[in-house]
Amino acid sequence: MKPLQKVAASMLVGIFVLMVLAAFLLPAHYARQFRDIPNVGPSKEHPLGTDALGRDSLSRLLYGTRVSLLLAPAAALLSTLIAAFLGNVAGLLGGRFERMVLAATDLSLALPWLFLLLVVRALLPLDVPPLVSVVIAFLMMGLLGWQASVRVICASARGVRDSDFLLLARSTGCKSTRLLWRHVAPNLRPLFYAQFFISIPLFILTEANLSILGLGVAEPMPSWGNLMRGLEDFSMLSANPWRLVPLVLLVIVVMCFQLVLPSQEVTQ
């Protein structure tokens, strides 16, 4: 691992540690309102100040980091599992089923993914409890974000399908389900890991876009997306530059993932 990648990995580990310890580091509950001090600057009691409703910005940032960094890997895991199943089965069976899966994948890729998410989210109830909104956002991203990985996994499974060890397994009467779970999937496991890690920063940005538009994690539960909704007022930013901290943290995390990812793909 290169020095820059070590630095990026260390920063990610540090951010994840802060995420885990968020409950012990919060100056106050993320939803508690200090009505007498809205929109104040950093102080000893509130290191990042308060928002327009008087809520502690540091508490909301730490808890929002936990929500976003748990939501994105969970969605990435779900989408990778769907892509692994469809790609493995399509690559192993081939023929008409493979053509159907790839045609469905191409059709999905032809649609703007963010607009598709917006349409699906708009069809669902908007006035839901915050925890339910987290589940909805996770399920939407996981169920709709598998298309790009399917083509990669299917092509690799197609290559394994004609390998000598698989032909030998077929000649001994091995059933298709056993071929899939005992021979094809284990040989593609490094590819599954790579697709999982690649999907995480994508889902981090997707959650941020949805929440900025008010269709992701619902208030008062914070996430990086709804924390950045306050950046729409540029006049407020010039007087309160510390409000850029969620955006800076989001950029740092995504950049760190991009720096660490190449080594993950090689070493897995």
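Q: What does Leu69 touch, leaving out residues up to four places away in sequence?
A: In this predicted model, Leu69 touches Ile15, Phe16, Met19, Ile204, Trp224 and Val253.

Q: Which residues of the largest nonpolar core touch the most other members?
A: Leu69, Ile200, Ile204, Trp224, Leu250 and Val253, out of 38 residues in that core.

Q: Which helices each supply at least two residues of this core?
A: Helix 1 (3-20), helix 3, helix 6 (130-144), helix 10 (189-212), helix 11 (224-227) and helix 13 (245-267). Helix 3 gives the most, with 9 residues.

Q: What other core lies apart from it?
A: One of 23 residues, with Val89, Trp146, Ala157 and Val184 among them.

Q: Switching to Ala84. Where is it placed?
A: Ala84 is in helix 3, which covers residues 57-93.

Q: Is Ala84 buried or exposed?
A: Buried: the relative accessible area of Ala84 is 9%, and the cut-off for buried is under 20%.

Q: And what does Ala84 touch, not counting residues up to four places away in sequence?
A: Ile153 and Phe192.

Q: Next, helix 4 and helix 7. At what angle do they pack?
A: Helix 4 (residues 95-110) and helix 7 (residues 147-161) pack at about 155 degrees, with axes 9 Å apart. Angles over 145 degrees count as roughly antiparallel, so that is how the two helices run.

Q: Is the crossing left-handed or right-handed?
A: Helix 4 passes helix 7 in a left-handed crossing.

Q: How many nonpolar, polar and charged residues are in that contact?
A: The contact of helix 4 with helix 7 has 6 nonpolar, 3 polar and 5 charged residues.

Q: Which residues meet there?
A: Among them are Glu98, Leu102 and Asp106 in helix 4, and Arg151, Cys154 and Arg158 in helix 7.

Conventions
Residues are numbered from 1 along each chain as its sequence is written. This is a predicted model: local features need pLDDT of at least 70, side-chain atom pairs count only at pLDDT 80 or more; totals for chains, interfaces and linings use all residues. Side-chain values use heavy atoms; hydrogens and water are left out. Axes are lines fitted to C-alpha atoms, for helices over the stretch in contact, and angles run from 0 to 180 degrees between N-to-C directions. Helices (H or I, at least four residues) and strands (E, at least two) are DSSP runs, numbered from the N terminus. Angles under 35 degrees count as roughly parallel, over 145 as roughly antiparallel, 65 to 115 as roughly perpendicular and the rest as oblique. A crossing is left-handed if the near helix is turned anticlockwise from the far one by less than a right angle, and right-handed if clockwise. Contact means heavy atoms within 4.5 Å. Ala, Val, Leu, Ile, Met, Phe, Trp, Tyr, Cys and Pro count as nonpolar, Asp, Glu, Lys and Arg as charged, and the others, Gly among them, as polar. Buried means under 20% relative accessible area, exposed over 50%, partly exposed in between (1.4 Å probe, protein chains only). A nonpolar core is a set of buried Ala, Val, Leu, Ile, Met, Phe, Trp, Tyr and Cys residues joined through side-chain atoms within 4.5 Å.
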